[in-house]
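The structure is shown below.

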Amino acid sequence: MQLGGPDTFRPMSQQAPWWTSAVVYQVYPRSFQDSDGDGIGDLGGILQRLDHLTDLGVDVVWLSPVYPSPQADNGYDISDYQGIDPLFGTPAQLDELIEALHRRGMRLVMDLVVNHTSDEHPWFLESRASRTSAKRDWYWWRPPRAGLAAGDPGAEPTNWQSFFSGSVWELDEASGEYFLHLFDRKQPDLNWENPEVRDAVYAMMRWWLDRGVDGFRMDVINMISKDVAPDGSLHDGPPLPGSALGDGSASYLCGPRIHEFLQEMHREVFAGRGHAVGGRAVGGRADGDKALLTVGEMPGVTVEQARLFTDPARAEVDMVFQFEHVGLDFDGSKWRPVPLRMRDLKASFGRWQAALADVGWNSLYWDNHDQPRAVSRFGDDSPEFRRDSATCLATLLHLHRGTPYVYQGEELGMANYPFAGIDEFRDVESLNHFAGAMVAGEDPAEVLAVLRRMSRDNARTPVQWDGSPSAGFSTGKPWLAVNPDHTEWNAAAQRADPHSVLAHYRRLIALRHENPVVALGDFTMLLPEHDEVYAFTRSLDGETLLVVCNMSRTRQPLATLLPEAIDAELVLGNLPSADPAVLGPWEARVLRSA
Ligand code: ISL
């Protein structure tokens, strides 16, 4: 394949930032490793498991929130941005973690949750204290709808539905006003219109960078700007089918000032702050002047917006988490699942690859703490195909252009949990949904079946380190049950097995480090209409990799589908290939075109 045409313009290839060839590993601390026997993972536990990360070869650790928190949303409700919750350990242990990771050539990215705080944060306590409080305007306080009294049905200032069921407005009886919470009622939204709020957040971010952290994953950062009218009012959204509530997202997803806020944050926090890890280039790569990593979590972000957010010239964020591909297997609401169509997945990934080819950058993920387990969702977790589909999915994702994120346990092929009843769930989203569905008179068995498939708790069961009763996670009773399949599916069993899911992730990560085509090559989708085979090429400087993945149990006639694959050299595969002309069930091959 020839380079240099108008469609293959790649300014990144000259001076590619370090994160173009990096792989990020997400630690959800509550479920990673417990070191004190209380059944909840902690910083001490992470420190004990660093060899696992070194062995895997990842470059960055993204740590989900460990700050003081009432834990209404497992730490995404923060009551002190500059501390460590005793549940997770001490500030000294966080310093130790930064140091230990840097020594091993890895970086630490902290979770930044600044769309909202906890309702127990001192800022909110002060804001709530009275209508004339100096911090009243740090949050979104509004009177009841005109003509109605506080507490009347429909008196909420807007009709928006919260992400976690019910209205986004909570009445504060004492003042007779409502406060806004896009998520749980214990997560009031900060008012970014107020410059004092922004200054306080930026100061806190600088404080963490001074402490040595290497960047931030920014929680729902595209929701911080709300579309507020000059008179301070917010607009109703279109009604949701079968509900008295409406969809307010047009008023808070990528709102009018979002780019201004992120550019200001960049200027105030990041500009000129690149620092080398441990005083040297990480992973043998030159750092340039930008050693930090910023990734914005952005539900509902479009490709057009993502180009703006990640255009280096605009100085906003390095990359975003988009949600298109994890929204293809449900119909509007995650509680209405539908089968995934392969052509939709290809169209979606293909569009993102094309849109961010010349400007900006993709982040790549199947799993995180909010998503069901990928092998159960997009693969085939039956005993026969679990290993093969987990490694096939990994190959597909890691060979795209972008920075791959591995969520803890994904590298072991961890699967969804066989939840039997509502009492086994812990997540506020699942519990609120179930309660709401019961009030609405839905069939409990049906609601449970959907929860079993889509609940975030699937991602949150403890990491399966070994086959012992608590999977090596804790000496106490784990806060969320360990998946019974850990006797077979665990890190100890996979570590020395060259055919394991773990070994395959190790190879994929190494391939990205070694081969610039994987990091930077141009992407071209092949067979866009095929229902089972996902194939594409990556090309750079005259070298082309051909990637073929059979996303099904059906054997595929590769010789007919992609004849050029037959004589190509195998760079990496997930199965011992018997017949070069046929792609076995869930087989994936990375080939070097002749
Ligand atoms: O999981 C979701 C719905 O099923 C998403 O809407 C999710 O809530 C959204 O991606 C935002 O997620 C982030 O912010 C939330 C927190 O609960 C999630 O864990 C976090 O990743 C509120 O802070």
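Val 220 sits in the loop that runs between strand 7 (215–218) and helix 6 (249–252). The model is a predicted one. Although Val 220 is not a glycine, its phi is positive, at about 30 degrees. Val 220 is buried, and its relative accessible area is 3%.

Ala 315 is another residue other than glycine with a positive phi, here near 50 degrees. The loop between helix 8 (303–310) and strand 9 (319–321) holds Ala 315. With a relative accessibility of 25%, Ala 315 counts as partly exposed, since buried means under 20% and exposed over 50%.

## Domains

The domain assignment of the protein gives domain 1, made of 8–115 + 192–231 + 239–419 + 455–494, and domain 2, which covers 122–180. Taken over C-alpha atoms, the centres of domain 1 and domain 2 are separated by 31 Å. Domain 1 puts 18 residues into the contact, and domain 2 puts in 14 residues.

## Nonpolar cores

The largest nonpolar core comprises 137 residues, and Met 205 and Met 265 have the most contacts inside it. Helix 5 (residues 195–211) gives the most to this core, contributing seven residues. The core lies between domain 1 and domain 2, because both give residues to it.

Which residues does Met 205 touch, not counting residues up to four places away in sequence? With that exclusion, the residues touched by Met 205 are Leu 112, Phe 216, Met 218, Met 265, Val 269 and Phe 270. Another core, of 15 residues, lies apart from the largest one. Ala 155, Met 223, Leu 234 and Tyr 252 are among the residues of this other core.

## Helix 12 and helix 13

Two packed helices are described by the angle between their axes and the distance between the axes. For helix 12 (residues 428–439) and helix 13 (residues 444–454), the axes come within 10 Å and cross at roughly 160 degrees. Helix 12 is therefore roughly antiparallel to helix 13, as angles over 145 degrees count as roughly antiparallel. The crossing of helix 12 and helix 13 is right-handed.

On the side of helix 12, the contact is made by Ser 430, His 433, Phe 434, Ala 437 and Met 438. Helix 13 contributes Pro 444, Val 447, Leu 448 and Leu 451 to the contact.

Note on methods. Residues are numbered from 1 along each chain as its sequence is written. This is a predicted model: local features need pLDDT of at least 70, side-chain atom pairs count only at pLDDT 80 or more; totals for chains, interfaces and linings use all residues. Side-chain values use heavy atoms; hydrogens and water are left out. A nonpolar core is a set of buried Ala, Val, Leu, Ile, Met, Phe, Trp, Tyr and Cys residues joined through side-chain atoms within 4.5 Å. Buried means under 20% relative accessible area, exposed over 50%, partly exposed in between (1.4 Å probe, protein chains only). Helices (H or I, at least four residues) and strands (E, at least two) are DSSP runs, numbered from the N terminus. Domain bounds come from an automatic or database domain assignment. Contact means heavy atoms within 4.5 Å. Axes are lines fitted to C-alpha atoms, for helices over the stretch in contact, and angles run from 0 to 180 degrees between N-to-C directions. Angles under 35 degrees count as roughly parallel, over 145 as roughly antiparallel, 65 to 115 as roughly perpendicular and the rest as oblique. A crossing is left-handed if the near helix is turned anticlockwise from the far one by less than a right angle, and right-handed if clockwise.
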